[in-house]
Amino acid sequence: MTKPILQIKNLTKRIGGKTIIDNLNFEVPRGEIFGFLGPNGAGKTTTIRMMVGLMSITEGEILIDGENITRNFNQAIVKVGAIVENPEMYKYLSGYKNLVHFARMVPNVTEERIQEVIRLVGLDKRIQDKVKTYSLGMRQRLGVAQALLHKPSLLILDEPTNGLDPAGIRELRDYLYTLTRKEGISVIVSSHLLSEMELMCDRVAIIQGGKLVEVQSIKEFMDEGLHSSVVFDVDHVDAAILSLSDHPTAQAKKTEDGLACWLEREQIADVTKLLVKAGIKIYGIRKNSLTLEDKFLEITGGEKVG
């Protein structure tokens, strides 16, 4: 079995007697986009800062490609590219000169590699312009390019969609998909845009109050189990509810959309048959699926993501 690119083991951070991160444990395999979610103050940025060595660890350990970030910092951090909060650039220099400056800090970054990352993030036409003329979204893309210069195995992005318009967000999503699927890079993304995380990520972890609440694939996370809310668009809702009063599990109720029932997949056909038999006209049937945002608010008790 391939070793995970990131292993978080019993990670704890205390500041002034207060526990900020409480015994976190999770892994990120290679070639995966991993979402990191939590309400404001949950400890996401603190965890990310410990991952990249910007904050000390109280207890536990972080392994990047098997290297301990505390004991073997240089060997571990060379595998990482990161943007924590906002990318910092020299605004009086061009985008290209910023990349050249960063490239000089890392061995074996060639001119060909610089041109490759410029193309990857779509800054070909503006790379010779000064960064002070860039939009926030363009600076974000330049930051991603800088983080990728040394071909890291793990890319950590804290709020990478800040300042990006919908087209830019989609481009970033497609680009991250290409990175993970074709180049085998693992990506950790922290974001408050839950609709984008739902489209972007393979798995998500939710932390709350510094503790790990859940780690699941998006598919598992969005699966509501055997039962689902099913909405029937009917001509007479009250008559439909009456016709289902003897059904053992339907729990039929009136909604703005029509008649909602709590059903297993096989029961949808049974309820449809009962409604037709009762003379109820059915104009449509749809499964009322929860979004990642719905599930997040359900798990965290309504706390806002941040």
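This is a predicted model: local features need pLDDT of at least 70, side-chain atom pairs count only at pLDDT 80 or more; totals for chains, interfaces and linings use all residues.
Residues count from 1 along each chain as its sequence is written, and side-chain values use heavy atoms, without hydrogens and water. Local features need pLDDT of at least 70, side-chain atom pairs need pLDDT 80 or more, and totals for chains, interfaces and linings use all residues.

Reader: At what angle do α3 and α5 pack?
Author: Both are helices (DSSP runs of H or I, at least four residues, numbered from the N terminus). α3 spans residues 95-103 and α5 residues 136-148, with axes 10 Å apart. Axes are lines fitted to C-alpha atoms over the stretch in contact, and angles run from 0 to 180 degrees between N-to-C directions. The angle is about 25°.

Reader: Is α3 roughly parallel or roughly antiparallel to α5?
Author: Angles under 35 degrees count as roughly parallel, over 145 as roughly antiparallel, 65 to 115 as roughly perpendicular and the rest as oblique. The angle here is about 25°. That makes α3, relative to α5, roughly parallel.

Reader: Which residues of α5 make the contact with α3?
Author: Contact means heavy atoms within 4.5 Å. From α3 come G95, L99 and F102. From α5 come L142, A145 and Q146.

Reader: Which element gives the most to the lining of the largest pocket?
Author: The lining has 20 residues, with V80, G81, A82, Q146 and H150 nearest the pocket centre. β6 (80-83) and α5 each give two or more residues. The top contributor, with four residues, is β6.

Technical notes
On a 1 Å grid over the protein atoms alone, a cavity is a set of points where a 1.4 Å probe fits but cannot get out, and a pocket is an open set with protein on both sides within 12 Å along at least five of seven lines; lining residues have an atom within 4 Å of a point.
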